[in-house]
Amino acid sequence: MRKAKREIKDKSLVEALLRRCRILHLALWDGERPYAVTVNFGYAEGAVFFHCAPEGRKIECLRKNGLVSFQAVAEYELVRQVKGCGYTTHYKSISGFGTACELADPAEKTAALNVIMAQHEGPTGEYPPEVLERTAVVRIDVREMTGKSNPAPE
C-alpha cells in the first residue's frame, strides 16, 4: 500500500469492518478478461460466502479459475469543496484475495447460507432441499486481507 499510514493491519479490526459491510465487489477472471460483480455475502472464520445461480458468467468464471479478489466499503463520506481538487473522501474499506470453491454438501450449503443471513440480520435455519439444489453456494478461503482508512480529522 502506497500510503502505509492508511493501512489497517490488525486482523480483528479488518474482520470487524468486513462484518459491517452488506455488499462485496468480487473480481473474477474468465480466461480472457476480468469480470467484476457485486454480491451479498457473509463472513465467518476466514471465509467469505455468497450464493448465486448454478449457471451464468459468475459461476462459470469460478469453475474455470477459483482465484478471486474482493473489495468492500464499510464507511464512506464525500467531502465537497469549492474547487474540484479540494474534494476528498473519508472511508474505511477492505480488500482481499482468496480461492473460491463451490459447495456441494447440503449441510455445508446450509451453514454458509446461515452466515450470509446472519450478516444481514435475517432469519437462519433450514432451507428446503429444492432450494439448496437449485442454489450455488460459494466459499472464498481468504488468503490475504487488509483494511484501508482515510478518517475525518478530529
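Because the structure is predicted, local features need pLDDT of at least 70 and side-chain atom pairs count only at pLDDT 80 or more, while totals for chains, interfaces and linings use all residues. Residues are numbered from 1 along each chain as its sequence is written, and side-chain values use heavy atoms, with hydrogens and water left out.

The protein contains four helices and eight strands, where helices (H or I, at least four residues) and strands (E, at least two) are DSSP runs numbered from the N terminus. Along the sequence these elements follow the order β-α-β-β-β-β-α-β-β-α-α-β. The C-alpha atoms fill a box of roughly 55 × 40 × 30 Å along the principal axes. A contact is defined by heavy atoms within 4.5 Å; among contacts with a separation of 6 or more, 68% join residues 24 or more positions apart. Of the 154 residues, 36% count as buried, a class defined by a relative accessible area under 20%, with exposed meaning over 50% and partly exposed in between (1.4 Å probe, protein chains only).

The interior can be described through its nonpolar cores. Such a core is a set of buried Ala, Val, Leu, Ile, Met, Phe, Trp, Tyr and Cys residues joined through side-chain atoms within 4.5 Å. The largest has 27 residues, of which Leu 18 and Phe 50 touch the most other members. Two or more residues come from each of α1, β2, β3 (34-40), β5 (47-52), α2 (57-64), β6, β7 and β8 (136-150). The greatest contribution is that of β8, with four residues. Leaving out residues up to four places away in sequence, Phe 50 touches, among others, Leu 26, Val 39, Leu 62, Ile 116, Ala 136, Val 138 and Ile 140. A second, separate core has 10 residues, including Leu 103, Leu 113, Tyr 127 and Leu 132. Thr 110, located in helix α3, is buried at 14% relative accessibility. Beyond its neighbours within four places in sequence, Thr 110 is in contact with Gly 125, Tyr 127 and Leu 132.

Charged side chains provide a further set of links. Side chains of opposite charge can pair when their charged atoms come close. A salt bridge here requires a side-chain nitrogen of Lys or Arg within 4 Å of a carboxyl oxygen of Asp or Glu, and by this rule the count comes to six. In one of them, Glu 121 pairs with Arg 22, the closest N and O atoms being 3.6 Å apart. Glu 121 lies in the loop between α3 (106-119) and α4 (129-133) and Arg 22 in the loop between α1 (11-20) and β2 (23-29), so the pair ties together parts that are 99 residues apart in sequence. Glu 121 is exposed, at 67% relative accessible area, whereas Arg 22 is partly exposed, at 36%.

Another salt bridge joins Glu 75 to Lys 92, with a closest N to O distance of 4.0 Å. Glu 75 belongs to strand β6 (residues 67-79) and Lys 92 to strand β7 (residues 88-103), so this pair connects parts that are 17 residues apart in sequence. Glu 75 is partly exposed, with a relative accessible area of 30%, and Lys 92 is partly exposed at 26%. Arg 20, Glu 75 and Lys 92 are linked in a network of salt bridges. Arg 139 and Asp 141 also meet in a salt bridge, at 2.8 Å from N to O; Arg 139 is partly exposed at 23%, as is Asp 141 at 34%.

Val 73, Tyr 76, Leu 78 and Tyr 87 make a nonpolar surface patch of about 380 Å². Patches consist of residues with over 30% relative accessible area and no salt bridge, like charges being joined within 9 Å and nonpolar side chains (Val, Leu, Ile, Met, Phe, Trp, Tyr) within 5 Å. Leu 78, in strand β6, is partly exposed at 32% relative accessibility.

Finally, the whole structure holds zero disulfides, a disulfide being a pair of cysteine sulfur atoms within 2.5 Å. The sulfur of Cys 21 is 20 Å from the closest cysteine sulfur, in Cys 52, too far for a bond; Cys 21 is buried, at 1%. For Cys 101 the closest cysteine sulfur is also in Cys 52, 12 Å away and again too far for a bond.

Definitions and conventions: Accessible areas come from the Shrake-Rupley method with a 1.4 Å probe; for residues, only the protein chains shown count as cover.
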